[in-house]
Amino acid sequence: MSRPIQALIARSAIAHNLAVVRSRAPTSRVWAVLKADAYGHGLERIVAPDSPALALADGIAVLDTETAARLRDGGWSRPILLLEGCFESRDLDAARALGLTVTVHHAEQIAMIEAARSAGPPSAPLSVYLKMNSGMNRLGFDPSRYREAWLRLRASDQVGAITLTTHFANADRPDGVDQPMREFERGAVGIEAPRSLANSAALLAHPSTHADWVRPGVMLYGATPFATRPAAEFGLRPAMTLRSRLIAVQVLQPGASTGYGYRYTADREIRVGVVACGYADGYPRVAPNGTPVAVDGIRTALVGRVSMDMLTVDLTPVPGAAVGSGVELWGAQVAVDDVAQAAGTVGYELLCALAPRVPVVTVD
Ligand SMILES: *Cc1c(COP(=O)(O)O)cnc(C)c1O
């Protein structure tokens, strides 16, 4: 018998969440952001020909040409965006061959495109996303240098359509896009071109950012980009369920402890369930006592330190629980964001960190 942990992936939930995107941003086209192996959900599974997940997506955004090549091999013929653009000049050849849209965020990347000129004009010019640094100071041209970058690209016979883009650092805050939007308008003044600005948080909280193309990531998977607004508030459905079973039950007498470091000590007699899930499965080791978990559909709490292969939960609210009882680590009963918050991180990280050893089952 195999170890009972599994991750279930519901592709219909992604299709549903894309419909939420559509209803929120009805006039924008949609890049489905599938970097990090579709936020841990399995890129191939999501884009498979029999998958309903991306029927409403106009394009897919990823990070590298190898992934883009896999998408094309799998039959994806709609647009593909490289969110960080080309890392070296041979990526440009791949981008052209695969018909990719490339982000240009740095003068080095413009130089690569200009250098390709000596090889002669391309059969199909590149589509470019010209990125502005609107305050995050990660990628992009300063607003004061943006027009110059645009003019250089426009002058190149290698370049076709140019879309103006930026990424927000604080779109999860009520006033988090105000200053970046002013910066963006300053840098883009006088440039007539399509625009793509919004990640999930901006899409949900700041309709003024929707523009021509939105770029939702985490919301497609049914997790929230906000610290205090749960995914359910937006009608999003979790696409991943991490579940396992109890493989042992212990009865702790008052004063007895459980797990490494005896981090939890019983102050009364309690039953503790041992779950086949540990940090080597992607569950956060830093999760404290009290982190939510569901046993037989009833919410209860982690007690004691998470081990490599096991964790322990309080069975007080579930007196009928026994070896073999079902446990949901995250999913519809326990939002991944609630586990993340308890562990001091975000749902994004937990989804992406699902360990390769966890068997994944595609449920629809
Ligand atoms: C990851 C990413 C997104 C998606 O962000 P979410 O917060 O997951 O919606 C959008 N745009 C860019 C440039 C990204 O890198």
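**Ligand surroundings and domain arrangement in a predicted model**

The ligand is surrounded by 13 residues, of which K35, Y39, S200, V218 and Y348 are the closest (a residue is near when one of its heavy atoms lies within 4 Å of the molecule). The model is predicted, with local features requiring pLDDT of at least 70 and side-chain atom pairs pLDDT 80 or more, while totals for chains, interfaces and linings use all residues. Residues are numbered from 1 along each chain as its sequence is written, and side-chain values rest on heavy atoms, without hydrogens or water.

The shell around the ligand comprises six nonpolar, four polar and three charged residues (Ala, Val, Leu, Ile, Met, Phe, Trp, Tyr, Cys and Pro count as nonpolar, Asp, Glu, Lys and Arg as charged, and the others, Gly among them, as polar).

Polar contacts are pairs of N or O atoms within 3.5 Å. An N or O atom in the side chain of K35 lies 2.6 Å from an oxygen atom of the ligand, and a polar side-chain atom of S200 is 2.5 Å from a ligand oxygen atom. A nitrogen atom of the ligand is 3.4 Å from a side-chain N or O atom of H167. Of the 380 Å² that the ligand exposes when taken alone, the protein buries 92% (Shrake-Rupley method, 1.4 Å probe).

The domain assignment, automatic or from a database, gives domain 1 (11-224) and domain 2 (240-363). Their centres, taken over C-alpha atoms, are 37 Å apart. Ten residues of domain 1 contact nine residues of domain 2, contact meaning heavy atoms within 4.5 Å.

Definitions and conventions
Polar contact = N/O pair within 3.5 Å; in protein donor to acceptor, adjacent residues only side chain to side chain.
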